[in-house]
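Please keep the structure in view while reading.

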Amino acid sequence: MSTISTSEISRLQTTLRRLLGAKGLSVNAPPRPGLSVELAVDGEVIGTIHRDDDEGEVSYAINIILLEEDLPPPV
């Protein structure tokens with residue numbers, strides 16, 4: 001995994017907002033080097049984004065975490 005630049009963070013945020021139709025989505029730089037870039041919706045962190053550079057092919061993996069307590073009650 002490699003570091004995600006400020007430019008990439010901005011481009012990821014624009015693309016994810018468009019693809020997911022979520023204006024409240026934000027991609028946040030890590031608070032200090034070595035930590036993951038965070039994916040948030042309306043200020044609540046829901047996951048992380050990681051960059052992979054494999055022989056010049058760059059891709060981004062998103063890991064979304066949902067807690068069972070945040071789900072609606074079973075029907």
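**Burial, fold and pocket**

Of the 75 residues of the protein chain, 23% count as buried, where buried means under 20% relative accessible area, exposed over 50%, and partly exposed in between (1.4 Å probe, protein chains only). This is a predicted model in which local features need pLDDT of at least 70 and side-chain atom pairs count only at pLDDT 80 or more, while totals for chains, interfaces and linings use all residues. Residues are numbered from 1 along each chain as its sequence is written, and side-chain values use heavy atoms, with hydrogens and water left out.

Reader: In which order do the elements of the protein chain run from the N terminus on?

Author: Helices (H or I, at least four residues) and strands (E, at least two) are DSSP runs, numbered from the N terminus. The protein chain has 1 helix and 4 strands. From the N terminus on, the order is α-β-β-β-β.

Reader: Is Arg51 buried or exposed?

Author: Arg51 belongs to strand E3. Its side chain makes a polar contact with the side chain of Glu8 at 2.6 Å; such a contact is a pair of N or O atoms within 3.5 Å, and within protein one must be able to donate a hydrogen and the other to accept it, while residues adjacent in sequence count only if both atoms are side-chain atoms. Because its relative accessible area is 14%, Arg51 is buried.

Reader: Is Gly34 buried or exposed?

Author: Gly34 lies in the loop between strand E1 (25-28) and strand E2 (37-41). Because its relative accessible area is 81%, Gly34 is exposed.

Reader: Which strand gives the largest share of the lining of the largest pocket?

Author: On a 1 Å grid over the protein atoms alone, a pocket is an open set of points where a 1.4 Å probe fits, with protein on both sides within 12 Å along at least five of seven lines; lining residues have an atom within 4 Å of a point. Of the 13 lining residues of the largest pocket, the closest to its centre are Ser2, Thr3, Ile4, Leu35 and Ser36. The largest share, 3 residues, comes from strand E3 (residues 44-54).

Reader: What box do the C-alpha atoms of the protein chain fill?

Author: The box is taken along the principal axes. Its dimensions are roughly 45 × 25 × 25 Å.
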